[in-house]
Amino acid sequence: SIGFAIQCVDSLIEFVQNPCYRNQRALVDTQLPHVLNQFLQLTADLSAEFADVDVYVTNISELKTKSVTLLLSLLERVDDRFIPSRILKALEMDKLVHSINALRK
């Protein structure tokens, strides 16, 4: 569920904050950047399946916000290129830009 995903992302934010380079590096070495990319591309188009569309849209927005916070936490005080390059490889920038532009309409 979306609520569980939000809790997981919150826990991972705590895991890497202070920052902790070893934890940042460990998470970037997983599929986490790809999963965050997928979270950032979620849309409310599937909301017809849910009883409370407003709650669904709010949860999607919260998950996206927390995903961005986690990405920023992974970059906190990083002084080498490994972590940023791994994140950039996972993010589909053209789709993210399209999603951001769609919000402005």
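The largest nonpolar core of this predicted model has 23 residues, of which Val-9, Leu-36, Leu-63, Leu-70, Leu-71, Leu-74 and Ile-87 touch the most other members. Two or more residues of this core come from each of helix H1 (2-16), helix H2 (21-28), helix H3 (32-40), H4 and helix H5 (82-90). A nonpolar core is a set of buried Ala, Val, Leu, Ile, Met, Phe, Trp, Tyr and Cys residues joined through side-chain atoms within 4.5 Å; buried means under 20% relative accessible area, exposed over 50%, and partly exposed in between (1.4 Å probe, protein chains only). Helices are DSSP runs (H or I, at least four residues), numbered from the N terminus. Apart from neighbours within four places in sequence, Leu-71 is in contact (heavy atoms within 4.5 Å) with Leu-36, Leu-40, Ile-87 and Leu-91.

In H3, the buried residues are Leu-32, Pro-33, Leu-36, Asn-37, Phe-39 and Leu-40. Viewed down the axis of H3, these residues fall within an arc of 160 degrees, so they line one face of the helix; the arc is taken from the directions from the helix axis to the C-beta atoms.

The loop between H1 and H2 holds Asn-18 and Pro-19. The peptide bond joining Asn-18 to Pro-19 is cis, with omega near -15 degrees. Asn-18 is not a glycine, yet has a positive phi of about 125 degrees; Asn-18 is exposed, at 70% relative accessible area.

Residues are numbered from 1 along each chain as its sequence is written. Local features need pLDDT of at least 70, side-chain atom pairs count only at pLDDT 80 or more, totals for chains, interfaces and linings use all residues, and side-chain values use heavy atoms, with hydrogens and water left out.
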